[in-house]
Amino acid sequence: MTSRPEEPGAVLSQLTDALGSAVLIDPKSLAEARSDRSGKTSEFAPICVVEAKSTQDVVAVMKIANQTHTPVVVRGGGSGLAGGAIGSSGEIVLSLAKMNQILEISVENRWAQVQAGVINQDLNLAAQKLGLWFTPDPASRVWSTVGGNIATNAGGLLCAKYGVTREAVRQLTVVMADGEVMSLGHETVKGVTGFDLVGLLVGSEGTLGVITEAKVSLKPVDPHPVTTLSAKAKDIVLAAKAVQETIRQGLQPSIFELIDEPCSRYISEHLNMTSVESGFNMLIAQTDGAGSASLAEQIADVWRGLGLEVQVEERGEELLSFRRAMLPSLEVKGKVLIEDVAVPISKLGEMLQAIRSIESQFGIEIPTVAHAGDGNLHPNFIYQGEEVPQHIWSAADAIFRKAIALGGTLTGEHGVGLLKRQWLVDELGQAQWKLQWEIKKLFDPKNILNPGKVFDPENFK
Ligand SMILES: Cc1cc2nc3c(=O)[nH]c(=O)nc-3n(C[C@H](O)[C@H](O)[C@H](O)COP(=O)(O)OP(=O)(O)OC[C@H]3O[C@@H](n4cnc5c(N)ncnc54)[C@H](O)[C@@H]3O)c2cc1C
């Protein structure tokens, strides 16, 4: 795994011979490839950015990379929050953004065959014309690619009912580290021949193979109107209890969000919404399907039973826009580190309380939103300057450790990338870390696929 790479100049000329104008070395392309949306920028520019237009282009890149031992960083929309798509010196950044063709949508089979660079929203707009939709809905759906969603196992607001990206992936075309093309998974709804390699590739963050095409499941568009509820709670533990009780009673909203007091204050300030009373934690639930209104009424009854004041909202979209304004509202105050832990639903209150005590311990505010219906919390840290300050990382460390101690995870949907690799062993334990590293080596014996991301052998104690 430690062979020396060939000279960057020699690699560049081989790539240019094979792929011509798809190989970019202009300053703008190189600068963009040095960062994603994690707030991290690599110190040095990569050798080049290659804009693949076909699986065969990807094969050509991987063959050259394999022969020359050159690292390859795969990149979709570059919207990642973990530093996974960042290219640095001596690396080839392989962009799939130009592989943006929707190849086929089968209404009969309810799937779409797409190139990996198709933007999530573009797939949805095309599917909707045929009465279908692609359920993964990250807030970045306007810029993130289906390949990137698969590589990070992205979630979104609708995960509460429809699950994460894994649930929607049937089959993948993958270019392996040595340039071999494999088709993994099944076109069929079911299929258990051999190991679930699609499951392994989903969430692999560019470390096991390059996903060039995907066959993803679609669902029929539901014609019924949705119903949206909101409630406010002074006490964060009461807000969490309302979530837990709703789920315990078997009620299933399609969207179930919690916005804590600091976060709702920042958002209402930013949107100049004087109508939103400050000092409260907010709950938002949306129900869908034929029984949407009566389900919403049952949820409202549960919340009222706990003493919450509930509103049935006619302006559902407005409320969701309020939730989606979280990041811009914080970004006006400084740079933002968006964290991403998940805990079992039964531990949601304890995790939210722990965040309040970590705020006091470190003398900072940690405005937090949660995809409460699936126990996924985004504690946010606002900071000034280029790099995340050490005290912020210490507070984040306390949050990660608490989430793990509660039976949760370091990352619900954003991935490990560069930012969280040092904590990976804390969650997996040494034996599982080693097993995963062996799997990585089996797929990528020369360690050329996104080396240093997710796994950092240096940090293995
Ligand atoms: C404002 C904002 C809101 C967001 N909201 C959400 C949200 O609600 N839910 C959520 O889960 N995430 C969210 N994200 C994070 C991000 O958008 C997702 O992780 C998204 O899935 C990344 O897709 P991308 O195409 O931009 O991938 P990139 O950022 O380009 O890459 C992400 C990782 O995937 C790998 N990768 C990309 N494409 C491929 C491929 N074809 N084959 C193999 N590996 C590949 C990269 O190497 C990298 O490790 C948000 C980000 C922003 C900036």
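**Exercise 1. In what order do the 4 strands of the open sheet lie, and which are the edge strands?**

Let's start with the order: the 4 strands run β1-β2-β4-β3 in an open sheet with mixed pairing. Strands here are DSSP runs of E with at least two residues, helices are runs of H or I with at least four, and both are numbered from the N terminus. Two strands pair if DSSP finds at least two bridges between them. Next, the edges: β1 (23-24) and β3 (72-75) each pair on one side only.

A word on the model: it is predicted, with local features needing pLDDT of at least 70 and side-chain atom pairs counting only at pLDDT 80 or more, while totals for chains, interfaces and linings use all residues. Residues are numbered from 1 along each chain as its sequence is written.

**Exercise 2. In which sense do β2 and β4 pair, parallel or antiparallel?**

Find β2 (residues 48-51) and β4 (residues 92-95): they pair in the parallel sense over 4 bridges. Within this pair, Cys48 has Ile92 of β4 as its bridge partner.

**Exercise 3. At what angle do the axes of α8 and α10 cross?**

First, locate α8 (residues 236-248) and α10 (residues 292-305): their axes come within 9 Å and cross at roughly 135 degrees. Axes are lines fitted to C-alpha atoms, for helices over the stretch in contact, with angles from 0 to 180 degrees between N-to-C directions. Therefore α8 is oblique to α10; under 35 degrees counts as roughly parallel, over 145 as roughly antiparallel, 65 to 115 as roughly perpendicular, and the rest as oblique. Finally, Ala242, Glu245 and Thr246 of α8 make the contact with Ile299, Val302 and Trp303 of α10 (C-beta atoms, placed from the backbone, within 7 Å).

Key:
Contact = placed C-beta atoms within 7 Å.
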